[in-house]
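Have the model open as you read.

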Amino acid sequence: MFVPLIDLADASQASLANSASYFNAVIVKGSVDQVKALVSQTQSTLYWAYATSVEEATQLWDAGVHKAIFSADVYTQVMAELEGVSVERVAVSGSADASLAASAFILTDTAQATELASNVTLLPGGGEKNVVVEVADSVSLDTIAALGKKNVHVVVPASRLTTEKTGDKLNLADAFLATAKTDREDGLYTTIVVDEQNKALGLVYSSKESVAESIRVGEGVYQSRARGLWHKGLTSGATQTLKRIDYDCDGDALRFVVQQHGAGFCHLNTRTCFGPDNGFSALESVLKSRKESAPAGSYTARLFNDSKLLRAKIMEEAEELCDATEKNDVAWEAADLIYFALTKCVSAGVSLTDIEKNLDIKARKVTRRPGNAKPKWEEKKAEPVVAEPAPKVVEKEEGRIEMLKYNLSEIDQKKHQELLLRPIIDSSEIISRVTPIMQKVRQGGDAAILDFTRQFDRVEMDTPTIKAPFPKEWMQLDPQTKAAIDQAFDNVYKFHDAQMDKETLVVETMPGVVCSRFSRPIERVGLYVPGGTAVLPSTTLMLGVPAKVAGCKEIVIATPPRADGSVVPEVVYVAHKVGASHIVKAGGAQAVAAMAYGTETVPKVDKIFGPGNQYVTAAKMVSQNDTSCLVAIDMPAGPSEVLVIADMSSNPVYVAADLLSQAEHGVDSQVVLLAVDLTPEHLAAIEDEVHKQAMALPRVDIIRKSIAHSYSLSVKTVDEAMAFSNAYAPEHLIVHLENAPKVIPMVDNAGSVFVGPYSPESFGDYASGTNHTLPTYGYARMYSGVNTNGFLKHITSQECSADGMNNLADTVMRLAEIEGLDAHRNAVAVRVADIRK
């Protein structure tokens, strides 16, 4: 089999990070922080990563890395320290000594590797030792196949791999299948499809083409013997997200590990082709169904809505399990506890897959906690009286939410550049998924929108559009909410109205030559308002108000529908206030396509505004590049981000709150703290507040993941901080400095700036008056945030008198001669000849 190798320092290899994570072994080169970020991004625990010490290896293992790779020299030095570490977790490069306590050997000599592979032994826990070779010459499929027959795996650098079907690089699927076998005349591979708990969903067939397509799009794609390429669930909505792909020990049966969506894998609408589901996954499905449909006031509804009741039941069943002694009683009480524990998980939106991912990470860890119970659960025992108490041992808190830490004076230029980069976004892969969706909407119109809404949002609707005037009953709000929206509307309107070009600019550039510039609104604009689990009237305001101020004749708002097909009343109310003509009940790429191309009920727009996830951003960029639809966009966008600059005058509580206000947006959000000459105690106080406040927030699970790849950077001066900030070009810049207003002239690149301790980013998000739709991902270097001018186009005019013509004619005729454009010269010459008679 082949083993992909990703160099995390090479940005050009980033696009393969997700695709490579589908395989059972991937070698990665990079710093510990880079590897941690990759594990966090892909959630894969199958990586092999290089380590230069046991301490570094421990960090990698604890992060979820499968094997730490030691050079032969380093391994010799740390052998004693590795005692007690499972052989399965250790790989050695540069040594063919089969007696070493390692599960994999990475060599550069093919003959040496072949000889070692002929004598491999089984590992104590099962499986065999892996022999891997890095081939000096360009790797070919024949090389992978030939060495595979000798039980030697071949390293293939990501620079030589691709998900595309053409070019001089190896296709990932071809490399993967180079050592697979099939005895079928049609060349198809028998394929077992399983879920993330390894439960069999069904038996299918795969071809080289279907495996390549599956890896390319990240979904379950197989080969139908009757219909050809089969995108699972494309018509039924029961799609699959690809998680892993491998084959059995003989190489003659493929296994696809997928996340199954919709009713299930089988055409009979059961989860598996082998009958009804059972066990944990069946219980999870039942609980999800009960959460949605439990009658009001029923016991099940109370469990989901009364956290105190659910807590009491979990504690009750845990105690009964602890008290049980007989086998049948232990099993019975354990089942009860699992039922209520899974109810808690479903209530919080946690799936079995989420639980298993955490178990996988915990299983990879080699660092162990002391194993003591928390004080309130410990059985109290009488302690002998001693003259002085023993010093208290403070253990590092498990699961602490904390940022990475760096010091500007201690990092090299390479690390400095790395810190300016954002988390990897594989735009090519996302665009390849988005483009077919957009084409189907272009061709199928409203019917395609309804199909995609049914598939992706699980919502059945008769029409994708609501047309103004909107019924009053659709925007019923409590007085407090209505007053808050009205206040925010007034502030945002006032600030954006002040930006409006209300007078024509007139300049006489020379006697008789008058130039002018005037603005006109873009006639039709589309505003994308994200939805999902959030209610976002603020985004509707930030996009709708400047469109109204500019005087756009048609405002179309697109936002995902709720489960019943309706739109949240807050958004409908704002749509009414800004004068929107239509609300499109759709999200994602299909909503962007509807506005870009137009459908039977959705007007085609001239420019699309608004934030969104990676798929929305990709769809906006695809539409902008499609000259057939003639649509512009406001800006490219990436995950939300904030950079906070703080000195000793800052309040740790405020600083931590500002960092978390962006970290909760999504797992790919990034927050950065520039600590200006802070004492260790002051920085520690901020870090403590980050953890304390995060643990009290409902979106703590999202924050835990986003904070993991965020960082603080200690600097000595404000000048250093501002230089780094301008290079980073943050979406939001928050300034907690003693003389905060004085640094504003130093700001060159930022989406929006929040000055001083009483200017939280939340004010800009909602109601201060500025716009919260801002450039991210470093685009603040060349883009502005959404503003009134974005909804306008500026037209210039010029008017010349006879004197003006006479004064300017010679200049223009000479320039036209230089460029060889005689018709341009003639247009002036015929006129000036009359004037000069």
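A salt bridge here is a side-chain nitrogen of Lys or Arg within 4 Å of a carboxyl oxygen of Asp or Glu. This is a predicted model, where local features need pLDDT of at least 70, side-chain atom pairs count only at pLDDT 80 or more, and totals for chains, interfaces and linings use all residues. Residues are numbered from 1 along each chain as its sequence is written, and side-chain values use heavy atoms, leaving out hydrogens and water.

**Salt bridges**

- The salt-bridge rule gives a count of 29.
- Arg517 pairs with Asp501, their closest N and O atoms being 3.7 Å apart.
- This pair links distant parts of the chain, 16 residues apart: Arg517 lies in strand β20, and Asp501 in the loop between α17 and β19. (Helices, H or I of at least four residues, and strands, E of at least two, are DSSP runs numbered from the N terminus.)
- Arg517 is partly exposed at 35% relative accessibility (buried means under 20% relative accessible area, exposed over 50%, partly exposed in between, with a 1.4 Å probe and protein chains only).
- Asp501 is also partly exposed, at 28%.
- Shared partners join the salt bridges of Asp33, Lys415 and Glu418 into one network.

**Strands**

- Strands β1 (residues 2-7) and β2 (residues 26-29) pair in the parallel sense over three bridges; strands pair if DSSP finds at least two bridges between them.
- Asp7 has Lys29 in β2 as its bridge partner.
- β2 also runs parallel to β3 (residues 47-50), joined by three bridges, and Val26 stands opposite Tyr47 in β3.
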